Amino acid sequence: MRRHVPAPPRATWLVAGALASTLALAACGGSTGGPATSDASSTLPSASLDAKADLSKQSLVVDNWKDYMPADLPANFEKAVGPKVTVSYHATNEEIMAKLTAGTDSGIDVAFVSGPFAQALAAQGLLEPIHPDLVPNLSNLYPEASKLTYDIGNVYSVPYSWGTTGLCYRSDLVKTAPTSWNDLLSPAADVKGKTTMLATDRWLMLPAQKLLGYSANTVDPAELDKVKSTLTATKPTLLAYDDTTFYDRLVSGEAVMVEAWDGWCNYGIAKNPKIKFVVPKEGSDLWADTMVILKTSKNKEAAHAFINYVLDAKVQSWVVENILYKVPNKPAMDAVAAKLAESYPNLGITPTELLKGEGLVDLGAGAPLYSKIVTEVTAS
Amino acid sequence: MRSLRWLRVPFVITYAFLYLPIVVLVVLSFNASSSPFSWGGFSTRWYSVLAGDADVLRGLGNTLVVAVGATALSVVLGTLLAVGLQRHSRSGLLDAFALAPAIMPDIVLGIGLLAFFSLVSVTLGLHSVLLAHVVFGIAFVAAVVKARMSQVDSSLEEASRDLGAGAVSTFLRITVPSIMPAIIAGGLLVFTLSLDEFVIAFFTDGPTTPTLPIVIYSMVRFGVTPEINALASLLMLVSFTAVLAAQRITRLTDSV
Amino acid sequence: MTAGPIAPGRGAARRRALVERTALLGPGLLYLLAFMAIPIALILVYTIFTRGRFGGVVFTPTLDNFTRALDPIYTAVLGSSLAIAGITTTIALLLGYPTAYAIAMLPKRWRTVALILVVLPFWTNFLIRTYAWIVLLNSEGVVNQALVGAGLIDRPLELLYTRGAVVAGLVYAYLPLMILPVYASIERLDPQLREAAANLGAGRARTFFDVTLPLTLPGVITGALFVFVPSLGNFIVPELLGGGKTVMVGNVIRDQFLKARDWPFGAVLALAVIVFLVVLFVLQSWASRRVSTGGRDA
């Protein structure tokens, strides 16, 4: 295991027998084991990697959302490149963050996380910078894909998929098609009680932020106060805050309009073509899910080779066809998106249009404020 | 027992309450639609999907290993602790300490254990989940057994000792049988809690050894399909059969 | 001469008691020290430090976390969580006690079967059980259709995504935690005791309140704690059955650790809950000691 700081001396353990000494332990542990932050560590030099390393001697643990990449990808990668891949799963960014920041080698080499989380990991010095020379397929990415604000130039992360957030609705069950965030926040009588909003902090706040003309990354207390009162007024009109089953609710008709990520809305459209997606006129966000390499990885060459393999146009086409998400990969989109966009119009959104959305970045010291406001809104 | 006939009412309500969702769950396992909220016609496809899903089956195996191991260890440690607390402790604080894991918010215990395992450089895997589940397991067994111990008449144990039986044999032959219903109840609790425990398992398991709840929760992003209902239905079927078979066997041995 | 043999005998007895005490208490307490006390202490140490800009912990001491916890929103959430957990416990007791009693009255060989049937539903996954409840309770769901069909109501009731749904979900999730300990203590009851009371002319209600209930109180208290405590900390039921519109203290703690990545503040909130529950536990243990000695005197 690699440690940046020497481990606490074993003697500490010998003395420690009682509860009291755990305090001392924790203090030592914090600097080595605990989730200590040191912004300075992000400037640590990157490892020098051997482009000619024997990859078949390396093996990888890749952590991803379940069903987010082709099931046969690990086997195909092993056949083509050499390293054996084990895939582990997380349900949310938040969970995997807790594990990656616990202060030790999590055993994970490559992780899939959303943009702002990659930014926070990089800021804590936990990520290996991407060595572009080991990832020739980076050239498949749209030029716009290196302008993502959480990591401009893709220094620590490589975008895997991207998209935006909007309103997903049943065109047959709403009287007028929504065009504005206000249609969600102050719903018409016929949709009242049949709308849902996303439950995760950033997206729970987004509709009100955009409607009021604020940045999706604002930490201004006065602005956030107005956001809070808008959201509090909306709460009684909602069916629920829901991050996971909102498209199923649309299909069953329990809900008629939901705040949704574009890709997830497509799952609803796949089951009922009367479901439509719209980006409200006030604008929205630009999110990206990324691949990152952990500094603790002992298989960094293989990790780069893996990312390179994933960026292959065929693999990324699979993502578009099966997950119905947009990918920032030009040849992949050129191959399949035009055909699919007939059924799933939001797959036709171009990179230029996407970049009009505001990129979400880590809130830094503002995060606890968001969390408090969300508590105040949902507990109201 | 005529006077207690009215007890049938809450008894029936309770079992109906417990099994109503199970009926829905089994019905949904035959739902052609992948959504739990709409009926798409009858189908057995989820049973074949399940048969081919290595991740879910591996998760099930991991979960059973953890649950059985954690139950066994918790029953032994928890029972000893309960008997010890009842006989040798006058301190409410010691009781509170022993039962504390049951009151710890599981996320705190989970993250605490993750930090602890990091500190002592324990690689995470099934063993670490098992060790973590024993923490709350001890508390549940100890609490149930201790509640029972406070009602146990100690004269039998004293008689046994007066007759010259050793402490160990008195414990095994007199004490343990007298608290057996509580040990079974406590063990059942731990097994049940461990089978479906998610939060602590998430923080203490290794990346390559997910338990079943972790595999299932990770499906949330793209929808938990009725495949899991199929798995649950099969598990219920197997458990029911096992329970009834065991009941038959005990009845046979009873009648001999 | 008589003092000689007795003195070493006493010493041996004391030594044996010490050995027994160590053998009984030692393993469990050591285990909990290593795998509970130290890990929890590790987390509680964070209460006096600062959140790093991007999460994590900076070792700059501060008391800010404690003052932040005094904000009315957190006390309000704690208050409503206590109310929800309290109602949940009461319902679980009213349903669980008679059920446990009925199980204990069954012929012996059916008792274990009945007990296993209580926990069997919980061997399936929590998420799909909860989805089953959503199927039952939603506006188009089985329950509403049955009520409308029976002509009892003309419009579907809002059953889901309410506080009531949260309570129902929590009762469902933790009912076995009430039934099992209560059963363990009822099973032990000597039926002769009740009969004796009845023969002495006590009415059914009096027999129950004067004899049965006090003797089974340790089980009731244990069961009540088992239901109350995890109800207080649960965060998945409020999210799924409460539609995220009911917030409990478990949600807030989870959000601090995971969403805000504010471990120091999460640790303070956890500490508050732990202190509250430890007090409750000490009271419980004191009460059950009184009950058990009271029972012995009677």
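**Ground rules.** I'm working from a predicted model, where local features need pLDDT of at least 70, side-chain atom pairs count only at pLDDT 80 or more, and totals for chains, interfaces and linings use all residues. Residues are numbered from 1 along each chain as its sequence is written, with chains lettered from A and ligands numbered from 1 in the order in which they are written.

**Chain A overall.** I looked up the secondary structure and got 15 helices and 12 strands; helices (H or I, at least four residues) and strands (E, at least two) are DSSP runs, numbered from the N terminus. Of the 380 residues in chain A, 54% count as buried. Buried here takes 20 or more other C-beta atoms within 10 Å of a residue's own, with C-beta atoms placed from the backbone. I also checked contacts (C-beta atoms, placed from the backbone, within 7 Å). In chain A, residues 24 or more positions apart make up 75% of the contacts with a separation of 6 or more.

**Strand β6 of chain A.** Next I went to β6(A), residues 165-170. Six of its six residues are buried, so the strand is largely enclosed by the rest of the structure. For pairing, DSSP has to find at least two bridges between two strands. β6(A) runs antiparallel to β9(A), residues 257-261, with five bridges joining them; there, A:Thr165 is bridged to A:Trp261. With β10(A), residues 275-278, I found four bridges, again antiparallel, and A:Tyr169 has A:Lys276 as its partner.

**Where B meets C.** Chain B puts 85 residues into the contact and chain C puts in 80. On the chain B side, α1(B) gives the most, with 14 residues. I sorted that side into 64 nonpolar, 14 polar and seven charged residues. Nonpolar means Ala, Val, Leu, Ile, Met, Phe, Trp, Tyr, Cys and Pro, charged means Asp, Glu, Lys and Arg, and the others, Gly among them, are polar.

B:Ala143, B:Val144 and B:Ala147 meet C:Pro218, C:Gly219 and C:Thr222. I count four of the contact residues as nonpolar, two as polar and none as charged.

Note on methods:
Buried ≥ 20, exposed ≤ 12 C-beta atoms within 10 Å, placed from the backbone. Contact = placed C-beta atoms within 7 Å.
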